[in-house]
Amino acid sequence: MRGCMPEQRNIAQVFQFPVIYDTMTVAENLAFPLKNRKVPEAQIKQRVGQIAEMLEMSHQLDMRAAGLSADQKQKISLGRGLVRSDVAAVLFDEPLTLTVIDPHLKWQLRRKLKQIHHELKLTLIYVTHDQVEALTFADKVVVMSRGRVMQLGTPDALFEK
């Protein structure tokens, strides 16, 4: 990938705090990465519908983002990371560590994200400091300290060592 432009890398990012536009609707927020790439409108509508259904937000597509709760805004942010069908990998930087999301909602979002991962067959790189989250969410875990890999393996193998 050395020497290629960032937009050519086909990597999406989801951050700890929702990156959305409050003045846009849920549908407009989800469509934004596709509109920027000049995807045909029919494809945009189909993909936004698919992602909204996966995130259980179909009934909110026409709502402005400003009026939504923090967890709903984070779902939109997750959706924006997942909406591109050409994405090679999605980088998640502690997307479920918002202190305003209650533990049950975090569990639901984690379960939903794992389901989406299996449905869309995407490569997800998920950064977390929560070892329970890492061990229950990942197929492979990399334990790092100060930028160095300390351990690498399946959740079961890491749990046992």
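At what angle do the axes of H2 and H4 cross? They cross at roughly 140° and come within 10 Å. Axes here are lines fitted to C-alpha atoms over the stretch in contact, with angles from 0 to 180 degrees between N-to-C directions. H2 is therefore oblique to H4, because angles under 35 degrees count as roughly parallel, over 145 as roughly antiparallel, 65 to 115 as roughly perpendicular and the rest as oblique.

This is a predicted model: local features need pLDDT of at least 70, side-chain atom pairs count only at pLDDT 80 or more, and totals for chains, interfaces and linings use all residues. Residues are numbered from 1 along each chain as its sequence is written, and side-chain values use heavy atoms, without hydrogens and water.

Arg47, Gln50, Ile51 and Met54 of H2 make the contact with Lys112, Ile116, Glu119 and Leu120 of H4. Contact means heavy atoms within 4.5 Å.

Now turn to the core. The largest nonpolar core has 33 residues. Such a core joins buried Ala, Val, Leu, Ile, Met, Phe, Trp, Tyr and Cys residues through side-chain atoms within 4.5 Å. Buried means under 20% relative accessible area, exposed over 50%, partly exposed in between (1.4 Å probe, protein chains only). H2 gives this core its largest share, 5 residues. Helices are DSSP runs (H or I, at least four residues), numbered from the N terminus.

Ile76 is among the core residues with the most contacts inside it. Its partners include Ile20, Leu30 and Met57.

Lys73 sits in helix H3. Lys73 counts as buried because its relative accessibility is 18%. It touches Pro18, Asp22 and Ala66, among others.

How values were computed
Helix = DSSP H or I, 4+ residues; strand = E, 2+ residues; numbered from the N terminus. Lists of a residue's contacts leave out its neighbours within four places in sequence.
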